[in-house]
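I opened the notebook to look up a few backbone and packing details. Here is what I went through, one entry at a time.

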Amino acid sequence: MTDATPVELAGARKVAPFAPELLQSTEHHLCSGCGHPVAWRLLVEVLDELRLVDRSVGVVGHGCYTQIITTADVEFLQCLHGRAPSVATGMKRMLPDRAIYTLQGDGDMVSEGLAEVLHTAARGESITCLLLDNGVFGDTGGQMTATTTVGQRTKTDVSGRAPSQYGYPIPIADLVAQFPGVAYVARGAVDRPNAVARTRRYLREAFESQMAGEGFSLVEILTMCPTGWSVPADQGAEYQREQMTSTYPLGELRAR
């Protein structure tokens, strides 16, 4: 008999805490296989690394991701659906030394608040917008959004988005990357470890860019929603790669 844990017996080593201290609970109420909690962890880790926890305010709209306000020990303000970039603009102008960012889903940012994020980027406001993109209105049942890819299943159309009927998806990160006042834009994912590591770096770059006063920054993070896509939880990551990454290639779209 031995007191060694299975991890020790396997020769593995612990390289990080099970959960960051800023996440007050290791449990969440999102569906199995959801990618949002991974993105939450990356966000709070980067804020902690850059010593921005006490100098930051996140602005959220409405969606599954909004549950972070009950889990993370960081400051948040909730606003009307889609209006987070405008609220964050006002906060940054009043508190220019703070790290002001939005945390939004694709339904919130691109369907409900497209004008808000486009005009905020066009003005070159020194805020950071974070988009958790799974192509569905997850909080209201899994309906199609403006970012749903061609052929992607949603509860609105289980046969997949057809451009002849619904039009084509809006690649918001590609659009704002073209604006002169935009300093940094990247698109990451949380479907596999190497993608998670790169996404973490993108978040750090975005916040560093903001604090250096370089202009507007945006990081889009492709996340999984097996429930909204009508696939088993353990197949969400594979479905995301097959269905989303050809439309939304990963990487830096505008580097510093």
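Before the first entry, I noted the cut-offs: a residue is buried under 20% relative accessible area, exposed over 50%, and partly exposed in between. I also noted that this is a predicted model.

**Entry 1: positive phi without glycine.** I looked up Arg51, which is not a glycine and yet has a positive phi of about 55°. I found Arg51 in the loop between α2 and β1 (56-60). Its relative accessible area is 73%, so Arg51 counts as exposed. Next I checked Ser230, another residue that is not a glycine, with a positive phi of about 60°. Ser230 sits in the loop between α9 (226-229) and α10 (236-243), and at 42% relative accessibility it is partly exposed.

**Entry 2: helix α5.** Which residues of helix α5 (residues 114-122) are buried? I got Glu116, Val117, Thr120 and Ala121. They lie on the same side of α5, because their arc around the axis is only 120°. Among the elements covering them I listed α3 (84-94), α4 (106-112), β4 (128-133) and β8 (216-222). Just after α5, I saw that Gly124 has a positive phi of about 70°.

**Entry 3: α2 against α8.** I looked up how helix α2 (residues 36-49) packs with helix α8 (residues 193-211): the angle is about 45° and the axes are 10 Å apart. That angle makes α2 oblique to α8, and the crossing is right-handed. From α2 the contact includes Leu42, Val46 and Glu49, and from α8 it includes Val196, Arg200 and Phe207. By class, I noted eight nonpolar, one polar and four charged residues in this contact.

Definitions and conventions:
Residues are numbered from 1 along each chain as its sequence is written. This is a predicted model: local features need pLDDT of at least 70, side-chain atom pairs count only at pLDDT 80 or more; totals for chains, interfaces and linings use all residues. Side-chain values use heavy atoms; hydrogens and water are left out. Buried means under 20% relative accessible area, exposed over 50%, partly exposed in between (1.4 Å probe, protein chains only). Helices (H or I, at least four residues) and strands (E, at least two) are DSSP runs, numbered from the N terminus. The arc is that of the directions from the helix axis to the C-beta atoms. Contact means heavy atoms within 4.5 Å. Axes are lines fitted to C-alpha atoms, for helices over the stretch in contact, and angles run from 0 to 180 degrees between N-to-C directions. Angles under 35 degrees count as roughly parallel, over 145 as roughly antiparallel, 65 to 115 as roughly perpendicular and the rest as oblique. A crossing is left-handed if the near helix is turned anticlockwise from the far one by less than a right angle, and right-handed if clockwise. Ala, Val, Leu, Ile, Met, Phe, Trp, Tyr, Cys and Pro count as nonpolar, Asp, Glu, Lys and Arg as charged, and the others, Gly among them, as polar.
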